[in-house]
Amino acid sequence: VRSRGLPDDHVGPGIDSNMCCGTHVSNLGHLQAIKLLHMESKRGHVLLYYLSGQRVLDYLHNAVDTERKMTKLLSCGPENHPNAVEKLLATQRTLAKANRVQLREIAQLLAHKFLHSEVRESVVCVHREDADIDFMNVLANELVPHGILCLVTVGSDKGAGQFLLAGPDDLVSVLGPKVSECLAGKGGGRKGRYQGKATKLSERQKAEDLLRVEVSTL
């Protein structure tokens, strides 16, 4: 297919000479409206994004509907939406940071409790639904130097989550895969640590019983 090319007054350096091969209309009035959205530089070219016809009206309808919902949620006018969202995100970051600090302190307190109990356990198992990897590592770091084998799990009490088995390397290398199997998980590790993802944290008791039996036979 050969095109007639661009009009003489639209030819020059920097102007893309590729012709449009899409659907054409006999009159521009059939488009109803054209909305230029934004431009994007890519590989030395500029891509222009736009909407036309009914798509402009559909876009406007969705934008107004979203604006009304945001106004109700944020309790402010559309012109203040960006600032309101920025404040919410800043508050969320602050609370998340405070939560991480508190979880670390809880892990340290738990370790202190186990280490200073009248009867020190050789196996410690801890589960916390709202904790994270940092919590697991802090607790393990506090207990492992004292020769304690610890299993820490975080996540949904009866669903999926993460686990960490830490302790003497000879025990962890053997018991890690067995714990993973009990929790229907996958994991790996080295140097006294075995961690992974579990799909059945509801089987924690089974894993704990396994550890206690294995350690009692040593």
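Which residue just after H1 takes a positive phi? In this predicted model, the residue is Ser75, where phi is about 55°. Most residues other than glycine have a negative phi. Two more residues in the chain go the other way. Gln32 has a positive phi of about 70° even though it is not a glycine, and Ala184, likewise not a glycine, has a positive phi of about 50°. Gln32 sits in the segment before E1, and because its relative accessibility is 57%, it counts as exposed. Ala184 belongs to the loop between H4 and strand E6 (185-188); with a relative accessible area of 32%, Ala184 is partly exposed.

Now for the helices. H1 has 21 residues and spans 30 Å from its first C-alpha to its last, close to the 30 Å expected at 1.5 Å a residue. H2 runs over residues 81-115. With its 35 residues, H2 reaches 51 Å between its first and last C-alpha, again set against an expected 51 Å at 1.5 Å a residue, to which it is close. Six of its positions can be listed as buried: His81, Ala84, Leu103, Ala107, Ala111 and Leu115. What do the buried residues of H2 pack against? Their partners are helix H1 (54-74), strand E3 (123-128) and H3.

Take the H1 side of that packing. The axes of H1 and H2 come within 11 Å and cross at roughly 50°, so the two helices are oblique to each other. The crossing is left-handed. On H1, the residues making the contact are Glu67, Met70, Thr71 and Leu74, and they meet His81, Ala84, Val85 and Leu88 of H2. Sorted by class, this contact has five nonpolar, two polar and one charged residues.

The pairing of H2 with H3 (residues 133-143) has another geometry. Here the helices pack at an angle of about 30°, with their axes 9 Å apart. Angles under 35 degrees count as roughly parallel, and H2 and H3 are therefore roughly parallel to each other. This crossing is right-handed. H2 brings Leu103, Arg104, Ile106, Ala107, Gln108, Leu110, Ala111, Phe114 and Leu115 to the contact, while H3 supplies Asp134, Phe135, Val138, Leu139, Glu142 and Leu143. By class, the contact has 11 nonpolar, one polar and three charged residues.

Tyr49 lies in strand E2 (residues 45-52) and is partly exposed, with a relative accessible area of 32%. Leaving out residues up to four places away in sequence, Tyr49 touches Lys35, Leu36, Leu37, His38 and Glu40. One of these, Leu37, is 12 residues away from Tyr49 in sequence and 5.4 Å away in space, C-alpha to C-alpha.

Gln162 lies in strand E5 (residues 161-166). Its relative accessibility of 25% makes Gln162 partly exposed. Not counting residues up to four places away in sequence, Gln162 touches Ile133, Met136, Val152, Thr153, Val154, Gly196, Lys197, Ala198 and Leu201. Between the C-alpha atoms of Gln162 and Val124, 38 residues apart along the chain, the separation is 16 Å.

Is Ser180 buried or exposed? Ser180 is part of helix H4 (residues 169-182), and it counts as buried because its relative accessibility is 5%, where the cut-off is under 20%. Setting aside neighbours within four places in sequence, Ser180 is in contact with Phe163, Gly185, Lys186, Gly187 and Tyr194.

Asp8 is found in the segment before strand E1 (34-42). Asp8 counts as exposed because its relative accessibility is 76%.

Key. Residues numbered from 1 in each chain as written. Predicted model: local features only at pLDDT ≥ 70, side-chain atom pairs only at ≥ 80, totals over all residues. Heavy atoms only, no water. Axes fitted to C-alpha atoms, helices over the stretch in contact; angles between N-to-C directions. Helix = DSSP H or I, 4+ residues; strand = E, 2+ residues; numbered from the N terminus. Parallel < 35°, antiparallel > 145°, perpendicular 65-115°, else oblique. Left-handed = near helix turned anticlockwise from the far one by under 90°. Contact = heavy atoms within 4.5 Å. Nonpolar A, V, L, I, M, F, W, Y, C, P; charged D, E, K, R; others polar. Expected span 1.5 Å × (residues − 1). Buried < 20%, exposed > 50% of the residue type's maximum accessible area, 1.4 Å probe, protein only.
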